[in-house]
Amino acid sequence: MRRGVNMAYIVENNGVYGLTKGQFSATADKGSKSKKGAVNSDSGIDLVAMALQLGATFVGRSFSGDKDQLVPLIKAALTHKGAAFIDVLSPCVAFNNHKGSTKSFDWVREHNEAVNRLDVILGRAPVTAAYPPGSLVEVAQHDGSVLMLRKVARDYDATDRVKAMAYLHEREAVGEIVTGLLYVEAESEDLHDALATVAKPLNALSDAELVPGAAALDRINAALR
């Protein structure tokens, strides 16, 4: 992230190590419960906050159950110049989709605040919600519960890194998960710009281009003295 490598880094975040039968991962929230009932006593790493702090120029978070939000976010990250990061909350159906887990489908749906468009997709017939920015809507679920969705106003500034970090902490303090495009730097640079690399692949350069000669080497050595 901090070096600006031109790539999209997508994390499938389920809070567990599934191959070792559901141990807590570094992103598991403090107080969440494992499938066997153990309570996590360690604070979880907020990957989005870390990406912002490390200098990623495109930062987003989404939910695997919300394809309409996630797909455009991935497309945007792939076309972004520089380091793009997306944290995808993706509950592990085998080891982390139970009551007490903060990475379960139900938990994410009940604590999700989207900074742009949000559709709620359940395992049965889709439940969708269309409502204007800045408003609150109640959405009835298949199990009879009611989901309270709040969409932030249109004036959310996704170009201010400091405000984005403050907003994440503010919503986290009240138990809400913020999703959507959280930060983007439109005029971003990548590692190639920083190193002034050539556009042509190195394996396609000729010997004359790769070996500039003794005079060029002398100039470089002199500059380092």
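Analyst: Helices (H or I, at least four residues) and strands (E, at least two) are DSSP runs, numbered from the N terminus. This is a predicted model, in which local features need pLDDT of at least 70 and side-chain atom pairs count only at pLDDT 80 or more, while totals for chains, interfaces and linings use all residues. Residues are numbered from 1 along each chain as its sequence is written, and side-chain values use heavy atoms, with hydrogens and water left out.

User: Thanks! In which loop is Pro91 found?

Analyst: Pro91 is buried, with a relative accessible area of 7%; buried means under 20%, exposed over 50%, and partly exposed in between (1.4 Å probe, protein chains only). The C-alpha atoms of Pro91 and Phe63 are separated by 8.9 Å, although the two are 28 residues apart along the chain. As for its place, Pro91 is found in the loop between S5 and helix H3 (105-110).

User: How many residues of strand S4 are buried?

Analyst: In a regular strand the side chains alternate between the two faces of the sheet. On one side of S4, Phe58, Gly60 and Ser62 are buried, and on the other Val59, Arg61 and Phe63 are buried too. Strand S4 (residues 58-63) is thus mostly covered, with a buried count of six of its six residues.

User: Which sense, parallel or antiparallel, does the pairing of S4 and S5 have?

Analyst: Two strands pair if DSSP finds at least two bridges between them. Arg61 has Asp87 in S5 as its bridge partner. S4 and S5 (residues 83-89) are joined over six bridges, and the sense is parallel.

User: What handedness does the β-α-β crossover from S4 to S5 have?

Analyst: From S4 the chain passes through helix H2 (residues 67-79) on its way to S5. The test is to point the strands away from the viewer: a clockwise path from the first strand over the helix to the second is called right-handed. By that test, the crossover from S4 to S5 is right-handed.

User: How many bridges join S4 to strand S9?

Analyst: Phe58 stands opposite Val184 in S9, and Arg61 stands opposite Gly180. S9 is largely enclosed by the rest of the structure, because six of its eight residues are buried. S4 and S9 (residues 177-184) run antiparallel, and the bridges joining them number four.

User: Which residue forms a salt bridge with Arg61, the closest N and O atoms being 3.3 Å apart?

Analyst: A salt bridge here is a side-chain nitrogen of Lys or Arg within 4 Å of a carboxyl oxygen of Asp or Glu, and the structure holds five of them. Arg61 belongs to a salt-bridge network that also links Asp46 and Asp87. Both Arg61 and Asp87 are buried. The partner at 3.3 Å is Asp87.

User: How far apart in sequence are the parts that Lys81 and Asp193 tie together?

Analyst: The closest N and O atoms of the Lys81 and Asp193 salt bridge are 2.9 Å apart. Lys81 lies in the loop between H2 and S5 and Asp193 in helix H5, so the parts tied together are separated in sequence by 112 residues.

User: Is Glu185 buried or partly exposed, and at what relative accessibility?

Analyst: Glu185 and Arg161 meet through their side chains in a salt bridge (3.6 Å, N to O). The pair links the loop between S9 and H5, where Glu185 sits, with Arg161 in helix H4, 24 residues apart. Glu185 counts as partly exposed, at a relative accessibility of 28%.

User: What is the phi of Ala196?

Analyst: Most residues other than glycine have a negative phi. Ala196 sits in the loop between H5 and H6 and is exposed, with a relative accessible area of 64%. Although Ala196 is not a glycine, its phi is positive, at about 55°.
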